Amino acid sequence: MAKMGGSYVSSTGNTEKYEVYTKKGKGIIRITINSSHAINSSHAIFEIEGYGEVVDYLSEKIDEEMSFIVKGG
């Protein structure tokens with residue numbers, strides 16, 4: 001979130017909420033991390049809120065960053 005200029009807002013349980021201000025507008029991103037120790041895995045859920053083009057814009061940015069991580073650089 002820091003790379004996109006996100007500011008931490010709050011957390012509830014295993015969900016963190018960030019605000020991101022872009023040239024496309026203000027967006028809110030919630031990230032939930034769920035872990036399964038039984039099968040030794042974790043997954044992340046990204047929820048994006050906003051008006052106009054900001055939702056698609058942030059979704060594309062997150063996809064870019066996550067693909068970089070998944071591919072290993």
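Reader: What percentage of the residues of the protein count as buried?
Author: Of the 73 residues, 18% count as buried. Buried means under 20% relative accessible area, exposed means over 50%, and partly exposed lies in between (1.4 Å probe, protein chains only).

Reader: Where does the model come from, and how are residues numbered?
Author: This is a predicted model: local features need pLDDT of at least 70, side-chain atom pairs count only at pLDDT 80 or more, and totals for chains, interfaces and linings use all residues. Residues are numbered from 1 along each chain as its sequence is written, and side-chain values use heavy atoms, with hydrogens and water left out.

Reader: How many helices and strands are in the protein?
Author: One helix and four strands. From the N terminus on, the order is β-β-β-β-α. Helices (H or I, at least four residues) and strands (E, at least two) are DSSP runs, numbered from the N terminus.

Reader: What does the C-alpha trace span?
Author: About 40 × 30 × 20 Å along its principal axes.

Reader: How do β1 and β2 run, and how many bridges join them?
Author: They run antiparallel, with five bridges between them. Strand β1 covers residues 7–12, and β2 covers residues 15–22. Two strands pair if DSSP finds at least two bridges between them.

Reader: What's in the turn?
Author: β1 and β2 form a hairpin with two residues between them. G13 sits in that turn and has a positive phi of about 60°. T12 stands opposite T15 of β2.

Reader: And how many bridges join β3 to β4?
Author: 10 bridges, and these strands also run antiparallel. β3 is residues 25–36 and β4 is residues 41–50. I29 stands opposite I48 in β4. Their hairpin has four residues between the strands, and N40 takes a positive phi near 55° there.

Reader: Switching to T32. Is T32 buried or exposed?
Author: T32 counts as buried, because its relative accessibility is 10%. T32 is found in strand β3.

Reader: Which side chain does the side chain of T32 make a polar contact with?
Author: That of T15, at 2.7 Å. A polar contact is a pair of N or O atoms within 3.5 Å; within protein, one must be able to donate a hydrogen and the other to accept it, and residues adjacent in sequence count only if both atoms are side-chain atoms.

Reader: What else is T32 in contact with?
Author: Leaving aside neighbours within four places in sequence, the list for T32 is N14, T15, H43, A44, I45 and E47. Contact means heavy atoms within 4.5 Å.

Reader: Now the helix. Where does V55 lie?
Author: In helix α1, residues 54–71. V55 touches I48, E49 and G50, not counting residues up to four places away in sequence.

Reader: Why does V55 count as partly exposed?
Author: Because its relative accessibility is 24%.

Reader: How far apart are the C-alpha atoms of V55 and E65?
Author: They are separated by 15 Å, and the two residues are 10 apart along the chain.

Reader: Last one. What share of contacts join residues at least 24 apart?
Author: 25%, among contacts between residues at least 6 apart in sequence.
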